[in-house]
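Morning, everyone. I have one structure to walk through today. Please look at the screen.

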Amino acid sequence: MADEAQAQAQAQPQSERRKMKILCLHGFRTSGSFLNKQISKWDPSILAHFDTDFADGIFPASGKSDIEGIFPPPYFEWFQFNKEFTEYTNLEECISHLCEYITSKGPFDGLLGFSQGATLSALLLGYQSQGKVLKEHPPIKFFISVSGSKFRDPAIRDIAYKDTIKAKSVHFIGEKDWLKLPSEDLATAFDRPLIIRHPQGHTVPRLDETATKQLLSWVSDILSGEENGVSEGVQAEEEKVPGVACEVKKNALESEVKITTEAVQA
């Protein structure tokens, strides 16, 4: 039956097929609307072939938001945590909420997250791969992480990142981001991640022409895999070449950007 359904899906014209869906999770004390605005910096062709769902956090912001005066409220947070990011409040409730959301509004093919949203997305991917959550939902195939990190509680780390996460992933890492090192550490949890470095801080970066081409190529691989009925894996060229680095000079108004495709080992 599954093979028959796949054959029927492939026989449909592209315009009639279901668009792949991405659940987008915003950063701490912001909102889905704000993340939508942040992502609008990117070339619209990057996500044109996907349905994007910008969800709001489960809890109203419990303190001052960094975007007050920049973007209108309301603001939300997914869970709360201590200064060391080793203790979490309402995390289990948040995970249950998101699993119900994903199940009821999905299926979702990918996750996109910024900061707290990226950290949470990676946790869901790790937990799903270990059979802890979303057992009845198809495996989530890809992940776009901007300034994400791992949870530091060993009780969580030892499960979520126990094995390499097979979802195809891209990680944006800022040179001036206070989460630069944690973002690099998160990338090691994934199989052959694409890493795009930028000179900015803790933000969704603007992409120059070369970075846009890198991301479009990554997206094209995902769309090609969907058309061919492939839910996992990497391109043959990726298998042969463990890492490619290219230095790109931006225009006179911008700083130098490093865009690196790396095969990061755990």
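Let me start with a charged residue. Glu 184 is partly exposed, with a relative accessible area of 22%. Here buried means under 20% relative accessible area, exposed means over 50%, and partly exposed lies in between, with a 1.4 Å probe and protein chains only. Glu 184 forms a salt bridge with Arg 197, and their closest N and O atoms are 2.8 Å apart. A salt bridge is a side-chain nitrogen of Lys or Arg within 4 Å of a carboxyl oxygen of Asp or Glu. Arg 197 counts as buried, at 16% relative accessibility. The pair links distant parts of the chain: Glu 184 sits in helix H6 (residues 180-187), and Arg 197 in strand E10 (residues 194-198).

A word on the source. This is a predicted model, where local features need pLDDT of at least 70, side-chain atom pairs count only at pLDDT 80 or more, and totals for chains, interfaces and linings use all residues. Residues are numbered from 1 along each chain as its sequence is written, and side-chain values use heavy atoms, leaving out hydrogens and water.

Now the overall layout. The protein chain has 8 helices and 12 strands. These are DSSP runs, numbered from the N terminus: helices are H or I with at least four residues, strands are E with at least two. Of the 266 residues, 48% are buried.

How many residues of H4 are buried? The count is 13 of 14, so H4 is largely enclosed by the rest of the structure. Just after H4, Gly 131 takes a positive phi of about 75°.

The whole structure has 8 salt bridges. One of them joins Lys 141 and Asp 109, at 3.4 Å, N to O. Lys 141 is buried, with a relative accessible area of 18%. Asp 109 counts as buried too, at 4%.

Last, cysteines. The search finds 0 disulfides, meaning pairs of cysteine sulfur atoms within 2.5 Å. For Cys 99, the nearest cysteine sulfur is that of Cys 94, 9.2 Å away.
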